[in-house]
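This briefing goes through the structure shown below by topic. It moves from whole chains to single elements and residues.

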Amino acid sequence: MTKVKEKTVSILVNNKPDVLARIAGVFSLRSFNIESISANITKDPRMTKIILTTRGNQVNLDKIEKQINNLVDIVQVNDLTKIPSVRREMLLIRLKVSKENQKRVSQTIEKLEGKVLSKEGGSWIVEITGDADDIVNIIDQFEKFGMDDFTRTGTIALEQIHP
Amino acid sequence: METIGADIIVKILQEEGVDAIFGYPGANSLPLNDRLLDSPIRHYLTRHEQAAAHAADGYARATGKVGVCLSTSGPGATNLVTGIATAFMDSSPIVALTAQVNTSLLGQDAFQETDIIGITMPITKHSFQVNDINNLSYALKQAFHLAGTGRPGPVVVDLPRDILAAKCKCPNEPYENLAEVSAKDIDDPEQLEKIAKALDQSERPVLILGGGVKLSGADNEIRVLVEKAKIPFVTTMMGIGSISAGNGYDFGFIGTHGYELANRMVHQSDFILAVGTRFSDRSTSITHEFAPMATIAQIDIDPTSIGKNIKVDLPFIGDIKETVTALLPMVSFKERTQWLARTKNEKTDYHEKNPDNGCGPAGHLIRSIQNQMPAGTIAVADVGLNQIWTVRTWQTGAARNLITSGGMGTMGFSLPAAIGAKVGMPDRDVVVITGDGGFYMNIQELATISYYNFPLKIVVINNGHLGMIRQMQDLFYGSRFTTCELGNRVDLVAVARGFGIEGRRVLIDEDPKEGIDEMSRVNGPYLLEVMVDPESYVYPIIPPGRSNVEMIFGKAV
């Protein structure tokens, strides 16, 4: 069996309505799942940068990269798994906080360099950033404090030097 | 008259050299149909939109220019889909113009609204929905550019009715910065030298020519390469006729219905140079047993076609004509006496043992037709037994005189595609070779042919069956025949006559010469119905799941 690998790509695209559908089509054609995706405009507002993570064997991942590169509105594709880059995601997590656990929750948030954004009726919303593995660990840690729900942004990433 | 969106379209079509459009109108396309009336562009009304798309495709395949079809929104647009997919699979350049409901109605399930951009996304090279009159000229220019350059393919331009009717000024500025695909990779002369070296060092090289060779117009460069390095060549089905077969290096086409010797040579080779082919499963059968001893080099303009289906040792991305021109001086003159003698002997042997090349009486029929028709006649084959009989028999003297749906295998393709071929090449004779099954699928086009008096010669090889299905059920499903019989109660000559087309029925076993003679003499369209035994199959064939060297020559007992 071929090894399953994770791939993070940075895709610079023309900021048009159907570009995302075309990229998604490349994945669905080969039954590949997009694990996470995040997108926003760049310093040139006519362009959008999409950071996308996926998993699969290397051969198929390379084929997908080629297919994406072949789409008309794609400006550039960089495989961030092959280029030194910083990869982060953001977690918004809602915790049920009581008098009993409040101190320990606060300590944990402080240790993880989190930020409390909202405190409403015993529900706290905390913002924390980290790489994908950190985020999984953080969710695990909060599980025991009555973690209510969370939202992850998906990975965003930037090459360490200009590619 | 005030200038409207439709005028911009007419202007750009003319700038792009479009002389013919195949289409079918509807309420939403009328602003454009109306303005086409005053232009020199001829609009041919087919009897079904699917036929319009195939006709545009046939036009493109026969001429090398971009073919154009036009439909209304909704069902008009969806009826084009099979034709667009057919063009996509064989890299045929067409621009499909689809009318759309007014922009204010988009997304409201308006009458005859359909999301044709969404529907065609996986079967187009690119597509545009024009929602702003200011983007119309750019989108159209871009559509023609994308369809015809790089690896050609279909492009859809969806045109809401209010955009077609919007008042505007005709643009006069030049169009710059048209986007390219397949042009992002740089050429690499070192890689070409590696390919040349591997070719020089090989003892049993084989060249595989795909449909890309004729798309690139590289027939002459490839012929020089073949004769300089003395490399025998095989083709894919789409590559048939890429270069003239007359120089003795041609060993036929590979794959499921290909030549046994061609498949065996690829299997035995130590070096393969594949040019303009994606190694489709029809050519390779099971990939891990394909060319097991060979180092494989591949040249293609489309990066996604490289390594798509098999592992390639020496890839090169580039236009075939340019690449082979650059490769030629790097390659040495070679004799390869042993390899050539061996392959040529086997070829002579094969043709002595298989006088009709495995096509039986149908092969004889098709050869007689070609002999009787003028040189340069274009054959348009349908899909099924008739297709394999035709591609194995028709002698292609030029790159674009055999047209068939290879990748998609679209039954019903031949009749409308022949209309397009004839419109594109009015001075050439065009023969349709179809089975009864494929003929029924676009039989309404007899009305188009009759109306415009296109002098097409239509040969229906009628075995009363879906012949290839019958053959597969006979060979691989224990002769349990189901859903393959069409019957023979239909008098196709009477049907043709009803459409105003002359014809005659002949039996293949008695001499069909009289019918062929009459067909070649008649000035207008003509239908020749040739009755064939349903057990007349095509051999050899590769059973499903087997490799290219496991061809069978008859029914296992």
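How many helices and strands does chain A have? In this predicted model, chain A has four helices and nine strands, whereas chain B has 23 helices and 18 strands.

**Chain A**

- Read from the N terminus, the elements of chain A follow the order β-α-β-β-α-β-β-α-β-β-α-β-β.
- Taken along the principal axes, the C-alpha atoms of chain A fill a box of roughly 55 × 45 × 30 Å, and buried residues make up 26% of the 163 residues in this chain.
- Among the contacts in chain A with a separation of 6 or more, 75% are accounted for by residues 24 or more positions apart.

**Chain B as a whole**

- Chain B, with its 23 helices and 18 strands, has a radius of gyration of 24 Å, close to the 24 Å that the globule rule gives for 557 residues, so chain B is as compact as a globular protein of that length.
- The C-alpha trace of chain B spans about 75 × 65 × 40 Å along its principal axes, and 55% of the 557 residues in the chain are buried.
- Of the contacts in chain B with a separation of 6 or more, residues 24 or more positions apart account for 76%.

**Contact between the chains**

- On the side of chain B, 12 residues are in contact with 11 residues of chain A.
- Sorted by class, the side of chain B that touches chain A comprises seven nonpolar, three polar and two charged residues.

**The β-α-β unit around helix α23 of chain B**

- In chain B, β17, α23 and β18 make a right-handed β-α-β unit, and its two strands, β17(B) and β18(B), run parallel and are joined by six bridges.
- Within this pairing, B:Leu507 stands opposite B:Met531, which belongs to β18(B).
- Helix α23 of chain B covers residues 513–521, and its buried residues are B:Gly515, B:Ile516 and B:Met519; seen down the axis of α23(B), these buried residues fall within an arc of 100°, so they line one face of the helix.
- The other side of α23(B) carries the exposed residues B:Lys513, B:Glu514, B:Asp517 and B:Arg521.
- The cover over the buried residues of α23(B) includes, from chain B, helix α16 (360–372) together with the strands β16 (457–462), β17 (502–507) and β18 (526–531).

**Helix α12 of chain B**

- Helix α12 of chain B, residues 260–268, has as its buried residues B:Glu260, B:Leu261, B:Ala262, B:Asn263, B:Met265 and B:Val266.
- What covers these buried residues of α12(B) includes the strands β7 (205–209), β8 (233–235), β9 (250–253) and β10 (271–275), along with helix α15 (337–353), of chain B.

- Why does B:Pro374 count as exposed? B:Pro374 has 9 C-beta neighbours inside 10 Å, and a residue is exposed if 12 or fewer other C-beta atoms lie within that distance of its own, so B:Pro374 counts as exposed.
- Although B:Pro374 and B:Asp429 are 55 residues apart along the chain, their C-alpha atoms are separated by 7.2 Å.

Conventions:
Residues are numbered from 1 along each chain as its sequence is written. Chains are lettered from A and ligands numbered from 1 in the order in which they are written. This is a predicted model: local features need pLDDT of at least 70, side-chain atom pairs count only at pLDDT 80 or more; totals for chains, interfaces and linings use all residues. A residue is buried if 20 or more other C-beta atoms lie within 10 Å of its own, exposed if 12 or fewer, and partly exposed in between; C-beta atoms are placed from the backbone. The arc is that of the directions from the helix axis to the C-beta atoms. Two residues are in contact if their C-beta atoms, placed from the backbone, lie within 7 Å. Two strands pair if DSSP finds at least two bridges between them. A crossover is right-handed if, with the strands pointing away from the viewer, the path from the first strand over the helix to the second runs clockwise. The radius of gyration is taken over C-alpha atoms; the globule rule is 2.2 Å times the number of residues to the power 0.38. Ala, Val, Leu, Ile, Met, Phe, Trp, Tyr, Cys and Pro count as nonpolar, Asp, Glu, Lys and Arg as charged, and the others, Gly among them, as polar.
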